[in-house]
Structures are given as structure tokens and as C-alpha cells.
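Hi,

Here is the structure I promised to pass on to you. Have a look at it first, and then read my notes below.

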Amino acid sequence: MKSRPPETTAPTDGAARMHAAPVICYPIDTLPQADLEGYRAAREGWTKISETVVPPRDARSFTVPAGHFFRIVSIDGPQVGDLNLWNADDMQERFFSGKTRALHGTHLSTGDRLWSCLPYLRPMATITQDTLDWYGFDEWGGAVHDVIGTRCDPYTNRLLQGSEYHFCCHSNLTRAFADATASELREAEAYVHDVLNVFMCTGFTRDTGQYFMKTTPVRPGDFLEFFAEINLMGALSACPGGDCGSKHSSDVAACHPLLVEIYRPDTVPAGWQSPARNAYPGSHGR
Ligand SMILES: [Zn+2]
């Protein structure tokens, strides 16, 4: 953390070094843009085929066939959700929060893709609507739907608080995965990964670069909508932090359920094809 005063005197050309202009690490101009009009046209006459209520401080799994849509909806009150995604046909392929962040930035919104881990690295889902897109970045640099936080977990809680809490998002997602796959908790835990923090409002402090959260602006009726690019299994945890305006990893915050809706369109978007896994052959120079 950059909180200590520097011990090293800046070199004479230090200012010049600091004034070098930043360069975007991963320009995405070469990626095919999401055909939002095409995706949205496919919603005409769609059919809702299932609903899953995620109870507070718990998680539930759901499946979404490729070419279908799903929405995460705020219902009873401001609530943050932690989302995991897997390829329903091969659970080794899972959401890659870090590379999604490198490609699309710290917070996601309409048109962004959720990419899968190596060696697959393909879009698992595309965000097709975000009713919180008006929020942008606030005066603290906070924004909604981050891919910077990892998920609240009982191990970090044990480190920092010295106590045991069993309903962190990590544990909730572990139980949901175990239930969905009829696996043991220990086995299921290995499949739980860094999340998309749905509805959570977060950023980094300007002075120390520390991860912060603040009360989510989400209200009942708001939703984040996705198009499934491949067959998906998802799990969503209704974080024990509730609106994440004060505390997490405890039963202190007021918590609310979340709703997951699955929609089947009459026809898939014109010209759409489920993306193939990444074309790199994995030879790594040998
Ligand atoms: Zn959480």
C-alpha cells in the first residue's frame, strides 16, 4: 500500500519519468463489438422460462442455455450480488474476472463481455442492459458492477476479525455449487472463483489505492441483463453486506433477496453464433 512517506529521494528526472503518458494495456478495437441492436431485437416476444429467488445471505444456482437471456433483478430492497459463471458442459471453464477487468475496465456495463479463463478465453455472456448505467463514476471514483473485488470469504474474515462467519459469498457459492453438482463442499469450493459484483458500488481510494465500497444505488426494479453466449451454469450470492454501505461478513447489515429470471427468445439474434474457444493451440513455444 502506498501509505508510507517515501524513503527514496526522487531522481533528477523523476518528474519527467512520471509525466510519461499512460497507454491502454489491452486496446479492444480488434474485438468484434457486441451487436446490441441484434441482441435486443431478439427480446421481442421472448418467454420467461424460469425464476429463481436467491435468499439473503445465501446463494442459488441456475442454468441458461446458449442464446437465452438472464436478468438479475433487485426486488425487496438495495442488495448486492456476487456472480459466478461456468460452462455448463465443462465446469473447468469459468468466468475470468481479472482478464475481463483488463479488457473492459474495473466496472462493467452494457456491451461488455464476461470472458472465460485460460485456455478457453471466449465470451461467456454479454451484458445487454444495465438500468444503473446512469451512475457512471461518482466524485470518489466509485462505480457499479465491479470486477475488482474477489468476493467476501470466511478465510479473510478469520484473518482480519479472528472469528468464524459461515455465510460469506464464498461459502454461499460453495454450497450452491455443491447442491447443483451433488459434490462435496471441499470439491465444490475449488470451482468457486472471483466474481462480478452485481449492483455493488466500489472503487479505489485516491490516496492509498485501497478498495472501497459504498451504499449501492440499486433500487427494486433495477436489473442487469445478460445474453448467454455458451451454455451456462451460474450461481448468485445475496451478499451478507446487503447494500454494502457499512459492513460485510456478518449478520449486521440488512439483507434482501435477489431474483434471477431466464428468458427464451423466439429466435436467436440474426447472425449470432456461439463463440468457439480461443484459437491459440497451447504450444507455448515447444
Ligand atoms: Zn459478499
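How many bridges join strand 7 to strand 11? There are 5, and the two strands, residues 123-130 and residues 223-228, run antiparallel. In this pairing, Asp130 stands opposite Leu224 of strand 11. Please keep in mind that this is a predicted model.

Both strands belong to an open sheet of 6 strands, paired antiparallel in the order 1-13-3-11-7-6. At the edges you will find strand 1 (47-54) and strand 6 (113-115), each of which pairs on one side only. From one strand to the next, the twist averages 25°.

After the helix comes Gly105, with a positive phi near 100°.

Now for the whole chain. It holds 6 helices and 13 strands, and 41% of its 286 residues count as buried. A compact globule with 286 residues would have a radius of gyration near 19 Å, and the chain agrees with that at 20 Å. Along the principal axes, the C-alpha atoms fill a box of roughly 65 × 45 × 45 Å.

Enjoy exploring!

Best wishes

Note on methods:
Residues numbered from 1 in each chain as written. Predicted model: local features only at pLDDT ≥ 70, side-chain atom pairs only at ≥ 80, totals over all residues. Pairing = 2+ DSSP bridges. Helix = DSSP H or I, 4+ residues; strand = E, 2+ residues; numbered from the N terminus. Axes fitted to C-alpha atoms, helices over the stretch in contact; angles between N-to-C directions. Rg over C-alpha atoms; globule rule 2.2 N^0.38 Å. Buried ≥ 20, exposed ≤ 12 C-beta atoms within 10 Å, placed from the backbone.
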